[in-house]
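Let's take a friendly walk through a protein model together. Have the sequence and the 3D view ready, and follow along one residue at a time.

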Amino acid sequence: QLLQIPDGTQLFCFQGNDGFAPHLNGEVFWQPWSAQSTTLGSRSDSKDFDMRFNCKETQSGDLSCERGNWGGGQRVIANFF
């Protein structure tokens, strides 16, 4: 059975950098991270991490990735931190 949406209801679709999971489904979160160096940590041998990414925090709080699962080229996720 369908539910009628009340008149005046606003529906918003968040996608891309405005979505709740940065970069598609959030796999960018699964990197070994070093808060001290604001870059990847040294746990590259662990199966618990997604090593397809090579990212670092910028001074403005963005996440700048030299490599990821999107293929070649750099991408920046604005306001990540």
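Helices (H or I, at least four residues) and strands (E, at least two) are DSSP runs, numbered from the N terminus. With that in hand, find Glu-27, which sits in the loop between helix H1 (23-26) and strand S1 (33-34). What you see is a predicted model, where local features need pLDDT of at least 70, side-chain atom pairs count only at pLDDT 80 or more, and totals for chains, interfaces and linings use all residues. Residues are numbered from 1 along each chain as its sequence is written, and side-chain values use heavy atoms, with hydrogens and water left out.

What surrounds Glu-27? Setting aside neighbours within four places in sequence, Glu-27 is in contact (heavy atoms within 4.5 Å) with Asp-50, Arg-52, Phe-53 and Asn-69. Glu-27 is buried, meaning under 20% relative accessible area, while exposed is over 50% and partly exposed lies in between (1.4 Å probe, protein chains only). Even so, Glu-27 has no salt bridge, which would need a side-chain nitrogen of Lys or Arg within 4 Å of a carboxyl oxygen of Asp or Glu. The nearest side chain of opposite charge, Arg-52, is 4.2 Å away; here Lys and Arg count as positive and Asp and Glu as negative, with His and the chain ends not counted.

Now turn to the cysteines. A disulfide is a pair of cysteine sulfur atoms within 2.5 Å, and Cys-55 and Cys-65 form one, with their sulfur atoms 2.0 Å apart. This pair links distant parts of the chain, 10 residues apart: Cys-55 in strand S3 (residues 54-57) and Cys-65 in strand S4 (residues 63-67). Both Cys-55 and Cys-65 are buried. Cys-13, by contrast, counts as exposed because its relative accessibility is 66%.
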